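The following paragraphs walk through one protein structure. Please keep the sequence and the 3D view at hand while reading.

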Amino acid sequence: MAEAGWIRMLWPCLALAILSGCNPFSEARPMMDEYVERVARVLETDPQYSDLRSPPQLPRRRDRVLPMPELDMGMLDFLSLYGCELQFVVGEKNSVMGKVMQPLNRLRYEVRFVEAARDCVPETEDEELVKVLEEAIDSKRESLPIAVWNATWGVEEVETLFTLAKGYYPVAPEGNPVADLARDAERMNEAISSLLAGQLEVSLEFAGGVHQRWQAEYRAGQLINSAGLLTTRLDDATALLQQRIEGRPLCLDGKPNNQSDIVQSMFFSVYIEKIQPYMSAVRRARVALMDPLETLASQQRGVMPPAFAAWYEEVLAQDAEGGVWQQLDRAMARHTQSWQALLEQCGMRPGA
């Protein structure tokens with residue numbers, strides 16, 4: 001009875017494994033492993049799998065958040081006693097809740113402070129107070145990029161968006177998984193650009209919803225994982241193709257044969273019909289989402305913390321020589337060239 005119960009418990013796991021094995025092309029990792037296996041098989045050699053290198057993690061929050069300069073307490077106390085709108089703004093900051101503001105609320109406070117202080121100046125006749133107000137405005141304007149940074153890349157929610165713990169970008173996903181996130185990033189860029197240009201009247205009401213989606217989604221991390229997976233497995237398959245190109249010719253005198261027909265069939269049925277569509281899907285999502293996220297960081301390079309800058313160059317920067325995206329582009333180019341060279345031995349070069 002004990003043995004029968006054990007078998008009943010094990011059966012769902014076995015069934016799942018069997019079903020997964022029936023269609024290795026339904027998920028990214030088994031699909032790319034299967035691709036290397038099939039390339040090796042049609043070339044009559046053994047597959048070689050390289051270890052997958054883990055992409056760098058988003059730096060910890062303590063390495064992303066910048067210290068926010070504070071006004072002198074005497075100045076704040078002085079301004080809090082003055083009778084214009086600034087009095088209420090400063091009072092909010094000095095409240096219990098104001099002392100533990102989240103980064104987005106802190107940014108809103110910094111903007112309101114500058115606007116309220118600026119409105120107070122023409123109403124003020126006391127020259128000493130005008131001087132204090134102008135010094136406060138200058139100080140807040142100078143530190144505004146720090147508040148902007150903390151409200152974008154310093155928030156906790158962005159950690160879920162870039163988590164590497166949620167696997168790979170899906171194969172043949174329904175709809176466009178990154179559409180809302182891409183629109184969010186574009187809208188955030190517009191608002192941040194305006195704020196950094198001194199246009200403080202820009203609305204930040206939408207930003208809370210953006211942070212909520214960042215906390216609910218993980219597509220950026222999946223894309224980064226997929227870039228590494230594609231790079232590694234394409235290079236593995238390229239090595240097999242190059243080994244055959246440099247060794248015994250696939251065809252003698254450029255004449256197709258039975259093996260070359262099998263190789264060409266696999267090229268179209270697996271590489272063209274399965275692998276290329278996935279590479280295209282990753283590329284479309286990369287352009288839609290990673291491009292505006294790169295801009296969200298690059299337009300704040302002036303305050304970017306060192307730990308984040310290193311991560312940015314490897315993960316976000318599209319043109320960085322050692323970054324994941326340039327590595328992927330080179331791997332795809334090498335792989336395409338290798339297929340062309342192999343099939344050309346038989347007069348089967350794609351597109352010829």
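Helices here are DSSP runs of H or I with at least four residues, numbered from the N terminus. The coordinates are those of a predicted model. With helices defined in this way, E135 is placed in helix α7, which covers residues 127-152. The protein chain as a whole has 14 helices and 0 strands. Its pattern along the sequence is accordingly written α-α-α-α-α-α-α-α-α-α-α-α-α-α. Of the 352 residues in the protein chain, 45% are buried.

Together with E134, D138 and E142, E135 belongs to a surface patch of negative charge. E135 counts as partly exposed because its relative accessibility is 40%, and the partly exposed class lies between under 20% for buried and over 50% for exposed.

How many salt bridges does a search of the whole structure find? The search gives 21. One of them joins R64 and E159, with 3.1 Å between the closest N and O atoms. This pair connects distant parts of the chain, since R64 sits in helix α3 (residues 61-64) and E159 in helix α8 (residues 158-161), 95 residues apart. Is R64 buried or exposed? R64 has 0% relative accessibility and therefore counts as buried.

The side chains of R349 and E344 form another salt bridge, at 3.6 Å from N to O. R349 counts as partly exposed because its relative accessibility is 33%. E344, with a relative accessible area of 46%, is also partly exposed. Salt bridges can also be linked to one another: R29, D33, R233 and D236 are joined in a network of them.

The structure holds 1 disulfide. Which cysteines form the disulfide? They are C251 and C346, with sulfur atoms 1.9 Å apart. The link of C251 and C346 is right-handed, with 95° about the S-S bond. C251 is found in the loop between α11 (219-245) and α12, and C346 in the segment after α14, so the pair ties together parts that are 95 residues apart in sequence. Both C251 and C346 are buried.

Terms used. Residues numbered from 1 in each chain as written. Predicted model: local features only at pLDDT ≥ 70, side-chain atom pairs only at ≥ 80, totals over all residues. Heavy atoms only, no water. Patch = residues over 30% accessible without salt bridge, like charges linked within 9 Å, V, L, I, M, F, W, Y side chains within 5 Å. Areas by Shrake-Rupley, 256 points an atom, 1.4 Å probe, with all protein chains shown as cover. Salt bridge = Lys/Arg side-chain N within 4 Å of Asp/Glu carboxyl O. Lys, Arg positive; Asp, Glu negative; His and termini not counted. Charge placed at Lys NZ, Arg CZ, Asp CG, Glu CD. Helix = DSSP H or I, 4+ residues; strand = E, 2+ residues; numbered from the N terminus. Buried < 20%, exposed > 50% of the residue type's maximum accessible area, 1.4 Å probe, protein only. Disulfide = S-S within 2.5 Å.
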